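Welcome, and thanks for taking a look.

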Amino acid sequence: MTSYSIQEINDVLHGEIVGSTSCQITAPEQLEIAAETEISFIGNKKYEKFWADSKACVAVVNQDIAIEPGENRAFIKVKNADLAMSQVLELFAPAAPVFSVDIHPTAVIDDSVSIGNGVRIGAGSYIGPNVTIGENVTIYPNVTILDECSIGKNTTIWSGAVVRERCHIGAYCILHPNCTIGADGFGFRPCAERGLVKIPQIGNVIIGNGVEIGANSCVDRGKFSSTVLGDGCKIDNLVQIGHNSKLGKFCIMAGNSGLAGSVTLGNGVIIGGSASIKDHTTIGDRAIVGAGSGVAGDVEAGKTVLGYPAIDARDALKQWAILKRLVRDSK
C-alpha cells in the first residue's frame, strides 16, 4: 500500500506545516469519515467545526484557518486547499486499467487509419476509414470512431463512446463512457403531406484541446457547418449540446444542463446543473447561469442569472424573498 510522510506530501504542495505527526499517510478522505492514517481537507472556514471530531492525522487547509491541529496532528497550509487537494489525489491515484497488448486483436481497424506512436486500442473497438489518431492516444474497449475523424495526441476515450464521421477531437481530451460526439442534431419540419420531415445534418463537431466530456453526454453535429467546443471546456455527465452551438474557451456545463441549437457561449461561461438555454441565444464571457434556470434571451458578459425564466440573480432572490413573505403572511 502506498503511503507518505507529511514532509513528502508537503514537498509536492510547497505549503507550511503547522503541528507534527508521526503517522504515515495512507489515503485521502473527507473529514467526517477519515481514519487516523488519512489526510483530509478544509477548503472553507465553515468546515473548521468538523476537525475536532475527525480522526484524520493531517489536513490540507487554507492559510486563513483559525484553529490549531492538536496533538500528533498537523495542518499543511496552502493558498488554495481545493487546488492542493488535486495534487494529493494524484499521489494516491490507482493505476489506469491495464492493456495486455497495445492494440487488441479483436479491434477492427481499417487499413487506411493513421496511428501514431504509443497508441493503445482496446478489445472490440471499431476505427473507420481515413481516421487519424495522434500519438499516445488511449482508446478503451468497445469504442466506435467512424470515417474521417481525427483524434489529437494524448487523448483518452473510455468504453462505449461514439465519435461519428468527420468529427475532430483535439489533444489531451477525455471522453468518458458512452458519450456521443456528432449524432444528428434535432432538426424536423412539419409537412402536411409527409408529417415531420427530417432535416439532414451535414456538418460535424470540432472539439479543442484539453476538453473533457462526461459520461452519457451528447454533442450534436452541425446542420450546416460545425458545432464547436473551445479549448479547456469541461462538460459534466448527461449534458446535451445542440447542433451548431459554439462554446468559447474554458466553459463549464454541469450535469443535466442543455443547450438548444445555435447557442453561443463566450469564454469562461458557467452553466449550472439542469439549466436550459433557448436556441439562438448568446451568453457573454464569464457569465453564470444558476442551476435549474431557463434562459430565454441573451445574457451580458459577466452577469449572473437565476430562475425560470432567468433574470438577474439579485432580482430573482428578492422576488423569492417577497413571495416567501407573502405566503407566510397569508397563513
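This is a predicted model: local features need pLDDT of at least 70, side-chain atom pairs count only at pLDDT 80 or more; totals for chains, interfaces and linings use all residues.

**Helix α2**

- Helix α2 covers residues 81–92, twelve residues in total, and at 1.5 Å a residue it should span 16 Å; the C-alpha atoms at its ends lie 17 Å apart, which agrees.
- The buried residues in α2 are A81, A84, V88 and F92. Looking down the axis of α2, these buried residues fall within an arc of 85°, so they line one face of the helix.
- That buried set packs against several elements: α1 (6–13), β2 (27–28), β3 (38–42), β4 (58–62) and β5 (74–78).
- The N-terminal end of α2 is capped by N80, which places a side-chain oxygen 3.0 Å from the backbone nitrogen of D82.

**Strand β4 and its partners**

- Strand β4, one of the elements that the buried residues of α2 pack against, is mostly covered, with five of its five residues buried.
- Both faces of β4 are covered: V58, V60 and N62 are buried on one side, and A59 and V61 are buried on the other.
- β4 pairs with β3 in the parallel sense, over four bridges. Within that strand, V61 is the bridge partner of I42.
- β4 also pairs with β5 in the parallel sense, over five bridges. To see where they meet, look at A59, whose bridge partner in β5 is F75.

**Salt bridges**

- How many salt bridges does a search of the whole structure find? The search finds eight.
- R221 and E165 form one of them, with their closest N and O atoms 3.8 Å apart. This pair links distant parts of the chain, 56 residues apart: R221 sits in the loop between β23 (218–220) and β24 (226–229), while E165 sits in the loop between β15 (162–163) and β16 (168–169).
- Both R221 and E165 are buried. They also belong to a network of salt bridges that links R164, E165, D184, K198 and R221.
- D329 and R328 meet through their side chains in a salt bridge, at 3.3 Å from N to O. D329 is exposed, with a relative accessible area of 57%, and R328 is exposed too, at 52%.
- D279 and K278 form another salt bridge, the closest N and O atoms being 3.9 Å apart. With a relative accessibility of 33%, D279 counts as partly exposed, and K278 is partly exposed at 40%.

**A loop glycine, G268**

- Where does G268 lie? You will find G268 in the loop between β30 (264–265) and β31 (270–271).
- G268 and D285 are 17 residues apart in sequence, and their C-alpha atoms are 5.9 Å apart in space.
- Setting aside neighbours within four places in sequence, G268 is in contact with K249, F250, C251, R286 and A287.

Key. Residues are numbered from 1 along each chain as its sequence is written. Side-chain values use heavy atoms; hydrogens and water are left out. Helices (H or I, at least four residues) and strands (E, at least two) are DSSP runs, numbered from the N terminus. The expected span of a helix is 1.5 Å times one less than its number of residues. Buried means under 20% relative accessible area, exposed over 50%, partly exposed in between (1.4 Å probe, protein chains only). The arc is that of the directions from the helix axis to the C-beta atoms. Contact means heavy atoms within 4.5 Å. A polar contact is a pair of N or O atoms within 3.5 Å; within protein, one must be able to donate a hydrogen and the other to accept it, and residues adjacent in sequence count only if both atoms are side-chain atoms. Two strands pair if DSSP finds at least two bridges between them. A salt bridge is a side-chain nitrogen of Lys or Arg within 4 Å of a carboxyl oxygen of Asp or Glu.
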